[in-house]
Amino acid sequence: MNKLLLIAGFALLTSFGVSTEYSEDIQFFVAGDTLKTLEPKEEHPSEAYVITNLLKRIHYRKLALNDSISSVIFDNYLESLDPNKATFYASDIEGFESYRYKLDDQIPEGDLQFAYDVFDIYRKRSLSQIDYVFELLKTEFDFSKEEHYVFDREDANWPENQEERNEIWRKIIKNQALSYKLTGREWSDISESLTKRYQRIQKAIYQYNSEDVFQSYMNAYTNAYDPHTDYFSPPDAENFQIDMSLSLEGIGARLMQNLDYTQVAEIIPGGPAYKSKQLHKDDKIIGVAQGDDGEFVDVIGWRLDDVVARIRGEKGSVVRLQILKASEGINALPDTLRLVREKINLEQQAAKAEMIPITEGNTTYNLGVITVPSFYLNFEELRAGKEDYRSTTRDVKKLITDLESQGMDGLLIDLRFNGGGSLQEAIEMSGLFIPDGPVVQVRNYDQSVDKMDDEDGGEVFYDGPLAVLVNRGSASASEIFSGAIQDYRRGVIIGESTFGKGTVQNVIDLSRYIRNPELNLGQVKMTLAKFYRVTGSSNQRVGIAPDVHFPSIYSQEDFGEASRENALPWDEIASAKFNPTNSISEELLDHLNALYREDLNTDPDLQKLVRDIEKAKENRNRKSVSLNLETRKANSNNDEDDLATAVDNSDIVEKDEIDEKLKKDPYLKEGLKLLAAMKKYKIG
């Protein structure tokens, strides 16, 4: 058996044009029969066939599976395995190139061997590199030497040989060691910690299975159509798609495993992670510490359930996380986030309101703030016929009624970091502020267009001054609501440009098409439709541009739909017939923007935020970092290490506390000042 495997491995290397000098390494791995050759499972060819047909028939983007798509799949797959070009050799890539335009023919036929052959070389290269890491960690680095680690290798070439690759990894490991050194740790401790990290990664590499390879390859395939079309492996104990609903207790995030990393799959509205405004979908958690003084434990290469066990804990206790932000891509440097654990329940995810008095001149305005973390609807209660079923619109109506009973002068809807939710609720909540008419248009994969109307009988529930606060984290249903308010000229949109997600997905179970109860099959999340505003313009890529535009740390190219490979393009369809309210005039918008520009020059809190944003942009644009201890110390002293949990907008506070709260949230403060100006403008 071992002899046959050795021959197969040798043939694999020569078929890709890879130097055979490494065949001895393969013999070492195979001799112990510990690194098994991975092959497609029985059901994988059928699943690939079904996925191909689903993409062809019902995906919104009608792309022919041809050589162009094959090339995208090829690049996607290699990037998923080696995003920093630090594992494969240039000769490996050269050998793979002969398959660049063949994958479109192979996948529909169930020929998946390319993925498994490449993955075998990836494992072999990774394991040999880890051996080099262990050697490096036997001797302390010279941190007085002035050299730089270039972490942005997007435009770099793959290393030509082992010497080049070792030099890349020497600087990678030195940078990781220096990060520990800056916290005051001694070399023996640093060496031990990093050795354990790479031992875990080594173990994980040995544990990769056929399902892992198939999932990575299918996602390289589906993501060639758009970034929201994904393949999910079956949820069994041997793969990485583990249900993390239990992780709702603790920080309020669902987590998943992505090879060696623990990755954020979803942020739960209302929980500590949501309130922090600092942890987002696809961020990676690389370290966990208990309390304010506990040491960080490196969790790269850990099993998902072990990471979750460290993150979860008693309500009220502190956990600190080291995270790599997805928005900063492969160039991300670790941030530290402090969170206070809570038990997450529906009440914390619901819309909340408070009254905040703002004094302008000699007049004090009572301004209502309703924070909507998501557009939710209790479908089970609705289907059961329960009259008081829970929904965003119902909750917001009650909150408005309560605020008006307190003498509300104007209303601000805070949709920052609201990633979406129920389309029905976005439409119905829009209807609280606008008369009858279309709220959004949906074009389906067959090009038919549905106009989704507000059908509340023409009743406008609240007709006073209205502002909507948004940021780059506002997406999907949030953009539908904001776009409708803007198009009907009913309220003023304030903040940053939104995320720009204008597509609709549905999850399809492959067992519907492959009827074999003995097979454990996966699912495909498929993009089936696209949202359009009543004007006919798509939200896709561009998002909602606010009427008063606040500075943002991220541009559309850095963070948002436009930053994603193969995102569907912006386009437009025919406008729907609608009657704007014209509550917001161009003169009012000019007035508000003039006031905002004045505040930029006079408000110290706003000015400090702008300075912080500019500094963060500079740091994010760095492509390298010093490996000199003293230089790094000097730079570290200028940075804030901890991202503290943000203030919960639902707190009821006294005036001094309100002032402190608004000082910590300059955008809310400025939004309320502009809302007060709207009220004054209307009555002046």
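This note walks through the nonpolar cores and aromatic rings of the structure above.

1. Please keep in mind that this is a predicted model, where local features need pLDDT of at least 70, side-chain atom pairs count only at pLDDT 80 or more, and totals for chains, interfaces and linings use all residues. Residues are numbered from 1 along each chain as its sequence is written, and side-chain values use heavy atoms, leaving out hydrogens and water.

2. Start with the largest nonpolar core, which has 77 residues. Such a core is a set of buried Ala, Val, Leu, Ile, Met, Phe, Trp, Tyr and Cys residues joined through side-chain atoms within 4.5 Å. Buried means under 20% relative accessible area, with exposed over 50% and partly exposed in between (1.4 Å probe, protein chains only). Among the residues with the most contacts inside this core are Ile73, Phe88 and Met218.

3. Now for the rings. Rings of Phe, Tyr and Trp (its six-membered ring) pair if their centres lie within 6.5 Å; planes under 30 degrees apart count as stacked, over 60 as edge-to-face and the rest as tilted. By this rule there are 21 aromatic pairs. In one of them, Phe141 and Trp187 have ring centres 5.8 Å apart and planes at 90 degrees, so the pair is edge-to-face. Phe141 is buried at 11% relative accessibility, and Trp187 is buried at 12%.

4. Another edge-to-face pair joins Phe214 and Tyr231, at 5.2 Å centre to centre and 85 degrees between the planes. Both Phe214 and Tyr231 are buried.

5. Finally, look for the aromatic cluster formed by Phe74, Tyr77, Tyr99, Phe114 and Tyr217.
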